[in-house]
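I opened my notebook to go through this model step by step. Here is what I looked up, in the order I looked it up.

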Amino acid sequence: RDKEIIAGIRDDEMRHYSLFRELYQSLTGNVLPNIQSMEFERPASYCAGLYKALFGEQSAVTRYRRILYAMRDRRDINVLTGIVTDELRHLGLYNYPYAKNGCSD
């Protein structure tokens, strides 16, 4: 079940990446270059990875809310609201394997 949860979140994050690229182009008129690759940084443990993911999601919500408050276009607001909602859902999803595996900070 943990693999399914993490894979689902990964798929959402890949969709968010595309949506942010579209938002950037809509707001600036510029197209961002594609990222060639990202290096995977292996966590010290499964629990450490879940902990980092949980706090990464929380940080993203805070950052995206600040961006959201500055937006004026209803379509852009709706897109970012959907992303923020997904990030909040991810927090709950990551909590399941975190608790199930007896993780603690």
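This is a predicted model: local features need pLDDT of at least 70, side-chain atom pairs count only at pLDDT 80 or more; totals for chains, interfaces and linings use all residues.

**Entry 1: the whole protein.** I started with the inventory and found three helices and zero strands. Read from the N terminus on, the order of elements is α-α-α. I fitted the C-alpha atoms into a box along the principal axes and got roughly 45 × 30 × 20 Å. Of the 105 residues, 30% count as buried. Then I looked at contacts between residues at least 6 apart in sequence, and 72% of them join residues at least 24 apart.

**Entry 2: helix α1.** I checked the length of α1 against expectation. Its 27 residues should span 39 Å at 1.5 Å a residue, and the end C-alpha atoms are 38 Å apart, which agrees. Which residues of α1 are buried? I listed Asp2, Ile5, Ile9, Asp12, His16, Leu19, Arg21 and Leu23. The cover over these buried residues includes α2 and α3. Just after α1, I noticed that Gly29 takes a positive phi of about 80 degrees.

**Entry 3: Tyr24.** I stayed in helix α1, where Tyr24 has its place. Is Tyr24 buried or partly exposed? Its relative accessible area is 34%, and since buried means under 20% and exposed over 50%, I put it down as partly exposed. Setting aside neighbours within four places in sequence, I found Tyr24 in contact with Gly29, Asn30 and Leu32. Gly29 is the residue with the positive phi from my previous entry. I also took one distance: Tyr24 and Phe40 are 16 residues apart along the chain, and their C-alpha atoms are separated by 25 Å.

**Entry 4: helix α2.** Next came α2, residues 46–70, with 25 residues. From first C-alpha to last it reaches 37 Å, close to the 36 Å expected at 1.5 Å a residue. Its buried residues are Leu50, Ala53, Leu54, Glu57, Ala60, Val61, Tyr64 and Leu68. I kept a general point in mind here: an α-helix has 3.6 residues a turn, so residues three or four places apart point the same way. What covers the buried residues of α2? The cover includes α1 (2–28) and α3 (74–100).

**Entry 5: α1 against α2.** I then went through the helix pairs one by one. The axes of α1 and α2 lie 14 Å apart, and the two helices pack at an angle of about 30 degrees. Their crossing is left-handed. From α1, the residues Asp2, Ile6, Ile9, Glu13 and Phe20 meet Tyr46, Leu50, Glu57 and Tyr64 of α2. Sorted by class, this contact has six nonpolar, no polar and three charged residues.

**Entry 6: α1 against α3.** Here the axes come within 10 Å and cross at roughly 160 degrees. An angle over 145 counts as roughly antiparallel, and α1 and α3 are therefore roughly antiparallel to each other. I noted a left-handed crossing for α1 and α3. The residues of this contact divide into 14 nonpolar, three polar and 11 charged.

**Entry 7: α2 against α3.** For this pair, I found axes that come within 9 Å and cross at roughly 160 degrees. By the reasoning of the last entry, α2 and α3 are therefore roughly antiparallel to each other. The crossing of α2 and α3 is left-handed. In its contact I found 20 nonpolar, four polar and three charged residues.

**Entry 8: Tyr94.** My last stop was helix α3, where Tyr94 sits. Its relative accessible area is 9%, and because buried means under 20%, Tyr94 counts as buried. Which residues does Tyr94 touch, not counting those up to four places away in sequence? I wrote down Ile6, Ile9, Leu50, Ala53, Leu54 and Glu57. Among them, Ile6 and Ile9 are in α1 and Leu50 and Glu57 in α2.

Methods:
Residues are numbered from 1 along each chain as its sequence is written. Side-chain values use heavy atoms; hydrogens and water are left out. Helices (H or I, at least four residues) and strands (E, at least two) are DSSP runs, numbered from the N terminus. The expected span of a helix is 1.5 Å times one less than its number of residues. Buried means under 20% relative accessible area, exposed over 50%, partly exposed in between (1.4 Å probe, protein chains only). Contact means heavy atoms within 4.5 Å. Axes are lines fitted to C-alpha atoms, for helices over the stretch in contact, and angles run from 0 to 180 degrees between N-to-C directions. Angles under 35 degrees count as roughly parallel, over 145 as roughly antiparallel, 65 to 115 as roughly perpendicular and the rest as oblique. A crossing is left-handed if the near helix is turned anticlockwise from the far one by less than a right angle, and right-handed if clockwise. Ala, Val, Leu, Ile, Met, Phe, Trp, Tyr, Cys and Pro count as nonpolar, Asp, Glu, Lys and Arg as charged, and the others, Gly among them, as polar.
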